Amino acid sequence: MPVYRNIGEFLEFINISNDEFTIFEWKPPKSFRRFDLDLNIVKENPLSDIFFHKDKGNMKIVHIRNNNLIYTVGASIKVQFQLLEALLEHVSFKFHETYDIDVILSYSNFNPNIFNNFKEMIEDIIKNFADLDLVKRIQVECRVCRTVLPLFVKRSFIQNAESYPVPIVYVHEGHAILCFIDQNFQHRGVELVNITG
Ligand SMILES: [Zn+2]
């Protein structure tokens with residue numbers, strides 16, 4: 001079964017914070033792991049409106065800061081970054097749709113328990129993730145692996161692109177391919193690229 005069909009099994013946490021504290025956190029049932037250190041590192045990044053990826057060996061972390069809130073997800077390394085970005089975009093959208101965040105956070109007696117019901121919404125998002133149509137699965141050929149690989153791209157990434165085809169680098173198994181995706185989610189060429197960083 002593809003990962004995005006049961007993404008919940010691969011998630012470690014979803015966290016929404018401001019610069020001071022956690023506003024909301026979801027973890028799988030029976031998970032007692034804490035991610036304070038990772039979240040503190042994430043908070044130190046002041047840049048807004050761009051997704052950041054971190055590969056921690058046994059876990060991937062994706063985060064984005066927007067409107068003074070920081071959204072973070074931790075997952076198994078089996079989950080492609082684009083899936084995690086799509087998930088966070090949707091979580092952020094639903095969070096703002098459900099709550100008037102700025103007003104709530106402006107209360108001096110603000111209590112994070114107010115967001116407890118959002119856990120159910122997160123469970124729903126996770127359960128129905130594949131049916132939300134937030135991602136597209138594209139088959140690309142890698143000359144190094146000599147196989148066809150599934151590449152997931154966010155629908156929003158293609159739809160909000162300024163021009164086509166859109167380049168995306170797919171890093172896997174210690175090497176990377178550069179794929180060009182057109183507005184119909186078809187790939188228009190794949191090149192082997194060098195990586196540094
Ligand atoms: Zn390959």
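Val 153 is part of strand β7, residues 147-154. The model is predicted.

Reader: What makes Val 153 count as buried?
Author: The cut-off is 20 or more other C-beta atoms within 10 Å. Val 153 has 23 C-beta neighbours inside 10 Å, so Val 153 counts as buried.

Reader: Which residues does Val 153 touch, leaving out those up to four places away in sequence?
Author: Contact needs C-beta atoms within 7 Å. The residues touched are Gln 82, Val 135, Lys 136, Ile 138, Ile 158, Ile 168 and Ile 181. Gln 82 is 71 residues away along the chain, yet the C-alpha atoms of Val 153 and Gln 82 are 5.5 Å apart.

Reader: Which residues of α2 are buried?
Author: Gln 82 is one of them.

Reader: How do you know that the span of helix α2 agrees with its 18 residues?
Author: At 1.5 Å a residue, residues 81-98 should span 26 Å. The end C-alpha atoms are 26 Å apart, so the two agree.

Reader: What makes β4 and β5 a pair?
Author: At least two bridges are needed. Seven bridges join β4 (residues 60-66) to β5 (residues 69-75), and the two run antiparallel. In one of these, Lys 60 has Ala 75 in β5 as its bridge partner.

Reader: In what order do the five strands form the open sheet?
Author: The order is β2-β1-β5-β4-β3, with antiparallel pairing.

Reader: Why is one side of β2 and of β3 left without a neighbour in the sheet?
Author: β2 (22-26) and β3 (52-55) stand at the edges.

Technical notes:
Residues numbered from 1 in each chain as written. Predicted model: local features only at pLDDT ≥ 70, side-chain atom pairs only at ≥ 80, totals over all residues. Helix = DSSP H or I, 4+ residues; strand = E, 2+ residues; numbered from the N terminus. Expected span 1.5 Å × (residues − 1). Buried ≥ 20, exposed ≤ 12 C-beta atoms within 10 Å, placed from the backbone. Contact = placed C-beta atoms within 7 Å.
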